[in-house]
Amino acid sequence: MNPRRCFALLPFRTRLALAFGGLFLLAGIALLAFVVTLARYGTAQKTADIEVMPLKGPGIGNPSPAGPHPGDWGVTGAKPSLPLVSEGIAVRIVESTAREVQQAAVQQMLLWSGVGLIVTAVLAGLTGWWLAGRALRPVTAMTDTALRISETNLDERLALTGPDDELHRLAGTFDSMLDRLQRAFDSQRRFVANASHELRTPLAAQRTSIQVGLADPLPQHLTEVRDDLLSTNRHAEQLIASLLLLARSDRGLEHTERIDLAELTTTAAAELRAAAAEKGLTLHTRVRSRVQLTGDPVLISHLVSNLVHNAIQYNRPAGRVDVLLEGRVLTVTNTGRAIDADQVGELFEPFRRLGQDRVDTTGHGLGLSIVRSIAVAHGAELRAEPGVNGGLVIMIGFP
């Protein structure tokens, strides 16, 4: 793989630390090369300045009988370990010794300077890692806050303090975007709630007119028309009620109290047992623990009812529905048609129903949307996956 591509795949903090260490290493190498060059030049100059003097004695090749004396050394101030016997030999010994001293000094300087450079480069990388963490701490805080923010708590802001720099301006831009999103969501929720509320009155008046204006006795064909009108009116009222409930849960929790989840689950399942029997389904309810939680009892009741009702409505003939409360996890399983794993998430979108059999049912496609909205409002974790025998397995873990 291309080294540049490998470097680009590293985390930003790691790349910044490596950049600090690499720059320090390159600067140290350049400084070391400069120092070594000057050291070589300086020692060469000092060697050239060494004074070489001719030997004085009885004769070339004959050492002085009394031994060497200070005037007999080949270099001023130098004292070889053995008596010198030749002027040429004395000069060669002095030059060779100077070169060896120079090379040894340069080698030792290179060795220990290199060791020190490597150690210092590692320390510079670690220091760069620490400095990068300090510099990126506001970005980490912004990331954590952005992960916490959802459509149910758009009122939370980054509110970054400090100087007016790039990070501060980035945080301000993000907060401004959240302001616009919050206004848009609030406007949408108010519209849905107001429109749903306004539609309830004409629907109620319409139902009353149908019941009074088409009261018995009526011909057979008008009786069927009246029943169809009343059925359509009832479905419209149910849709409006679902929209109101969805808008209410999207606004969050306005009233909370202690709730017995086991009791609510048992009650909701018992109310829908007749509907399951009417469709030839078997409904099993198992409560293995008593769970107390804080929330809106009306919304939690609707959550359980919508889960069980959805499992009954989208099921196969002679199927079954299992409701299990274990710990703080509520699990509802049915035996409907097989659903692809990548399509499960779409079922929680408003008015989304997969397959022709889901379209032909009398549902509005809001049940699971309401379930998700209520779960999010209570901080619960919702998971869904295809069942082994078809259908869905929906699990809600309450905090």
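Colleague: What share of the 399 residues in the protein is buried?

Modeller: Buried residues make up 30% of the 399 residues. The term means a relative accessible area under 20%, with exposed over 50% and partly exposed in between, using a 1.4 Å probe and protein chains only. This is a predicted model, in which local features need pLDDT of at least 70 and side-chain atom pairs count only at pLDDT 80 or more, while totals for chains, interfaces and linings use all residues. Residues are numbered from 1 along each chain as its sequence is written, and side-chain values use heavy atoms, leaving out hydrogens and water.

Colleague: Why is A268 called buried?

Modeller: The relative accessible area of A268 is 2%, which is under the cut-off of 20%, so A268 is buried. A268 is found in helix α6. Helices (H or I, at least four residues) and strands (E, at least two) are DSSP runs, numbered from the N terminus; the protein has 10 helices and seven strands.

Colleague: Which residues does A268 touch, not counting those up to four places away in sequence?

Modeller: A268 touches V304 and S305. Contact means heavy atoms within 4.5 Å. The C-alpha atoms of A268 and L303, 35 residues apart along the chain, are separated by 9.5 Å.

Colleague: What makes α6 and α8 oblique to each other?

Modeller: Two packed helices are described by the angle between their axes and the distance between the axes. Axes are lines fitted to C-alpha atoms, for helices over the stretch in contact, and angles run from 0 to 180 degrees between N-to-C directions. Helix α6 (residues 261-271) and helix α8 (residues 297-313) pack at about 45 degrees, with axes 9 Å apart. Angles under 35 degrees count as roughly parallel, over 145 as roughly antiparallel, 65 to 115 as roughly perpendicular and the rest as oblique. The pair α6 and α8 is therefore oblique.

Colleague: Which residues make this contact of α6 and α8?

Modeller: L261, L264, T265 and A268 of α6 meet P297, I300, S301, V304 and S305 of α8. By class, six are nonpolar, three polar and none charged. Here Ala, Val, Leu, Ile, Met, Phe, Trp, Tyr, Cys and Pro count as nonpolar, Asp, Glu, Lys and Arg as charged, and the others, Gly among them, as polar.

Colleague: Which residues of α8 meet α10?

Modeller: L299, I300, H302, L303, N306, L307 and N310 of α8 meet G367, L368, I370, V371, I374 and A375 of α10. That contact has nine nonpolar, four polar and no charged residues. The axes of α8 and α10 (residues 367-377) come within 9 Å and cross at roughly 145 degrees.

Colleague: Why are β2 and β6 said to stand at the edges?

Modeller: Five strands form an open sheet of mixed pairing, in the order β2-β4-β5-β7-β6. β2 (282-287) and β6 (381-386) each have a single partner strand, so one side of each is left without a neighbour in the sheet.

Methods: Two strands pair if DSSP finds at least two bridges between them.
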